[in-house]
Amino acid sequence: MNKLQKALKINTLFSSISGIIMILLNQPIAKLFGTSNSTVFWIVGLILVYFAITIWYEINKQRKLAVIWIIIQDYTWVVGSLILVIFNPFKITLTGNLIIGIIALIVLYMGINQTIGLKKR
């Protein structure tokens with residue numbers, strides 16, 4: 001297994017686990033974020049599970065354009081997270097912002113590793 005495959009596999013696992021947690025625990029997570037609207041969490045959870053499936057498909061194929069698209073989505077997640085934390089348009093709690101920040105750092109790490117793996121491929 002090459003570096004790109006390892007990076008994609010880690011992204012697949014993290015995205016699928018995160019998505020499943022958001023789907024199953026959407027109401028407690030909403031409370032952590034200071035909102036009663038849990039719908040957004042299970043929707044994001046479903047999107048993450050779908051994203052994980054698309055990444056899984058690319059672990060063996062490693063099509064350059066598809067991997068670049070995955071990396072772009074990861075970096076977009078990081079930028080979106082920064083915007084949420086900096087401007088806090090939804091009045092998210094400190095705990096919620098910490099969770100967003102930690103996850104953004106993990107996603108940034110995965111994006112960087114995927115970028116490096118793609119260049120080495």
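This is a predicted model: local features need pLDDT of at least 70, side-chain atom pairs count only at pLDDT 80 or more; totals for chains, interfaces and linings use all residues.
**Stop 1: helix H1**

Select residues 3-24. This is helix H1. Now pick out isoleucine 20, which lies in this helix. Is isoleucine 20 buried, partly exposed or exposed? Its relative accessibility is 44%, so it counts as partly exposed. The partly exposed class sits between under 20% for buried and over 50% for exposed.

**Stop 2: helices H3 and H4**

Select residues 39-61 for H3 and residues 64-87 for H4. Two packed helices are described by an angle between axes and a distance between axes. For H3 and H4, the angle is about 150° and the axes are 10 Å apart. H3 is therefore roughly antiparallel to H4. The cut-off for that label is an angle over 145 degrees. H3 passes H4 in a left-handed crossing.

**Stop 3: helices H4 and H5**

The crossing of H4 past H5 is left-handed.

**Stop 4: glutamate 58**

Go back to H3 and select glutamate 58, which is placed there. Its relative accessibility is 3%, so glutamate 58 counts as buried. Then select lysine 120. Glutamate 58 and lysine 120 are 62 residues apart in sequence. In space, their C-alpha atoms are 16 Å apart.

Terms used. Residues are numbered from 1 along each chain as its sequence is written. Side-chain values use heavy atoms; hydrogens and water are left out. Helices (H or I, at least four residues) and strands (E, at least two) are DSSP runs, numbered from the N terminus. Buried means under 20% relative accessible area, exposed over 50%, partly exposed in between (1.4 Å probe, protein chains only). Axes are lines fitted to C-alpha atoms, for helices over the stretch in contact, and angles run from 0 to 180 degrees between N-to-C directions. Angles under 35 degrees count as roughly parallel, over 145 as roughly antiparallel, 65 to 115 as roughly perpendicular and the rest as oblique. A crossing is left-handed if the near helix is turned anticlockwise from the far one by less than a right angle, and right-handed if clockwise.
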